[in-house]
There are 2 protein chains.
Amino acid sequence: MARQVKIKDIAQMAGVSVGTVDRVLHNRGNVSAKSLKAVEEVLSEVGYRYNIHTSAISLRKEYKIAIAIPTAIKGEYWGAIQDGITHAINEYSDVRLNCLFSFYNQFDIYSCRSSFDGIISQQPDAVIIGPTFRSETKKLCAELDSNRIPYVFVDAVIEGTSPIASYSTDQYACGYLLGRLLRTFTPADSEYAIMSSQRIGNERSSNSLERKKGFKDYFRSAGLEEKIKETSFSVLDPQESEKKILDFIRENPGIHGMAIMNSRGYILSEILSKNNIRDISLVSFDLTLNNTRGIRDGSISAILCQRPELQGFHALKSVIRRLLYNQEEETVHHIMPIDIIVRENLPYYREFFEM
Amino acid sequence: MARQVKIKDIAQMAGVSVGTVDRVLHNRGNVSAKSLKAVEEVLSEVGYRYNIHTSAISLRKEYKIAIAIPTAIKGEYWGAIQDGITHAINEYSDVRLNCLFSFYNQFDIYSCRSSFDGIISQQPDAVIIGPTFRSETKKLCAELDSNRIPYVFVDAVIEGTSPIASYSTDQYACGYLLGRLLRTFTPADSEYAIMSSQRIGNERSSNSLERKKGFKDYFRSAGLEEKIKETSFSVLDPQESEKKILDFIRENPGIHGMAIMNSRGYILSEILSKNNIRDISLVSFDLTLNNTRGIRDGSISAILCQRPELQGFHALKSVIRRLLYNQEEETVHHIMPIDIIVRENLPYYREFFEM
DNA sequence: GTTAATTTTGTGTTCGTACACGGAAAATGC
DNA sequence: GCATTTTCCGTGTACGAACACAAAATTAAC
């Protein structure tokens, strides 16, 4: 364990005082060209790293961190992201953080807009963004950029922005994998259905679209693209949906596999269970409480999951590292692993994230 | 963010000095019954937590941590565990740690014994153990218990010991899941083979045995137990092995699925590729470099993985928490998730752990 | 009751970084 | 060249917990 280099050591090596080194490290200015050069030379030689502990305790300032994500419901996707963030807040409870959660309705652009406007007026030191609406997010990021406020994305990345980090998934790969899985779960001559859930506002989630593309491409590459049907059902009118879905199944008896490109798989699984339909495999996304139930009772064959807790956890960790270490690192885009969850490995997927 | 209570606050509330509170918190003794009571009352009221940062920097002592695990090879299972530990060491580089790695040959009990003897004589403050030989491990743990040295298990737990934490997998569940997967990858009337890899010393790894049990139980529950054959091959004599395996396949043309209960899947995958055998699905364990290759080129259908990096990472983290927070927590047994890795989600499984 | 031994307690210093403050040096104005 | 501003730089204190040390209070010894 090599002894860590301290500010004092650097000061000595550069022939200046600790105050000067501090000024250089934090870009506080008021340093002569000569001293600056001396210090920077030493720094590049020895590879100094802040002692995060001392940094944390001697910091007078309280960091204000704004978190702008869709409404987080316990046991659902954004709830898990929030859990991860909360977990990190606790883990770093010794860093003075003031975290302001600001939830918006992911199906309502006005709600998003007003939430994002609020962020700016809070004057935070950093922001964690769960983006849904592209233009709103871009506007927010532009504003943050011009105020030099760092931000991190969770769940997705909006192009044309410059976050310090992002945590997201390759949704196309998710869809492709989902196709592959669904096929292995079904008989050789099966037909398949993509079930879209609809809502007022007609989200057109780009995540779902990407997934669908990957899914179809898998079947295309297997020469089975004509085996895929598509239909939709409404989240808001369960009875109507049930009828529609049952009709659809009756009209397409060749279908033994269904894919849902968001976390609503459990809705279908409940309908199939209730009507005692056992020859259709379901695959869907996100380890929500409802889907967990479906996996457990066998009505859902597999769920793909993108570690939302871990995303939230690391997002806050990135922010802390940036604020404390204050280093001008370049953007790091983290692509999360795609976990495949089936009945047999479900029980072990609750506890862990971080790390 | 509630303001953290500080030792000074507690001292004030209990009407004593910070020194006394410190003595109570660390069981240093020399505290009168009256003061003790006063402090403990305040403590139970306010729920004090150490500030880990200040704890870390003001600690004069350097903690000596011994790590006794099987020889870690880069890109293999124990290498990944070591990577996780190293990662945690870096993450906590501000805590004064002196980590002593002590590797042993997991196929040689004498090597293990001498390594473990060395541990005791090092007088460490805590130990991370990757157990292989039950009796040797028990002996080591008994010794550590009597010296009140805390220890953590990675990879497996040895019963009859009292670690502060353990990180392991439900190997039976792994085997069961492996069976389920292998079946979905193969045609309906297929036969299956369990391929055991042999070595001098004849390890009889209890992990493999548990996995095999789960695997067989899956097929039993599916009413297919008579479809399973078993054979073995030698790791040390590749040519002989290849011949043996090819003969076995020739004699059992009904076999379309093979399971290897340890990380040696790649050996089989190479033999099958080389001989252009394409109608046999392989499943195995551990995301080693070799297996990664097999997954990528399609010669291995799936790998189950138990997050070795995460195990190592958390093991060290547990130790640090124990040493710094000094709290008498009870044993926590962590069961790792079982990740299913196939070609489509492989690319995203390298970066993340900890978490 | 006095002295010595022991227990109990408070104070002060340390860790490495952040940052305020005031003094020294350099630059500017006239 | 002198006064004034501006830039630059070093020192000192704070952060919160750990621990050394010495002072104070208690107990033991005679």
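**Sheet pairing and DNA contacts in the predicted model**

In strand β9 of chain A, A:Ser281 stands opposite A:Gly257, and the two strands concerned, β8(A) (residues 255-260) and β9(A), run parallel and are joined by three bridges. The chain passes from β8(A) to β9(A) by way of helix α11 (residues 265-274) of chain A in a right-handed β-α-β crossover (clockwise from the first strand over the helix to the second, with the strands pointing away from the viewer). The model is predicted, so that local features require pLDDT of at least 70 and side-chain atom pairs pLDDT 80 or more, whereas totals for chains, interfaces and linings use all residues. Residues are numbered from 1 along each chain as its sequence is written, chains are lettered from A and ligands numbered from 1 in the order in which they are written, and side-chain values use heavy atoms, with hydrogens and water left out. Helices (H or I, at least four residues) and strands (E, at least two) are DSSP runs numbered from the N terminus, and strands are taken as paired where DSSP finds at least two bridges between them.

On its other pairing, β9(A) meets strand β10 (residues 302-305) of chain A in the parallel sense over three bridges, with A:Phe285 opposite A:Leu304. Together with helix α12 (residues 289-296) of chain A, β9(A) and β10(A) make a right-handed β-α-β unit. Strand β9 (residues 281-285) is mostly covered, five of its five residues being buried (under 20% relative accessible area, with a 1.4 Å probe and protein chains only; over 50% is exposed and values in between partly exposed). From this strand, A:Ser281, A:Val283 and A:Phe285 point one way and A:Leu282 and A:Ser284 the other.

An open sheet of six strands, paired in parallel, is found in chain A in the order β2-β1-β3-β4-β5-β11. Because β2 (97-104) and β11 (332-335) stand at its edges with a single partner strand each, one side of each is left without a neighbour in the sheet. Within the sheet, strand β1 (residues 63-70) is joined to β2(A) by eight bridges, and A:Ile67 has A:Phe101 as its bridge partner in β2(A).

DNA strand C is surrounded by 29 residues, of which the closest are A:Tyr48, A:Thr54, B:Ser17, B:Ser32 and B:Ser35 (a residue is near if one of its heavy atoms lies within 4 Å). Of the atoms of DNA strand C within 4 Å of the protein, 69% belong to sugar or phosphate and the rest to bases.

A base nitrogen of DNA strand D is 2.9 Å from an N or O atom in the side chain of A:Arg23, and phosphate oxygens lie 3.0 Å from a polar side-chain atom of B:Arg28 and 2.6 Å from a side-chain N or O atom of B:Tyr48.

How values were computed
Polar contact = N/O pair within 3.5 Å; in protein donor to acceptor, adjacent residues only side chain to side chain.
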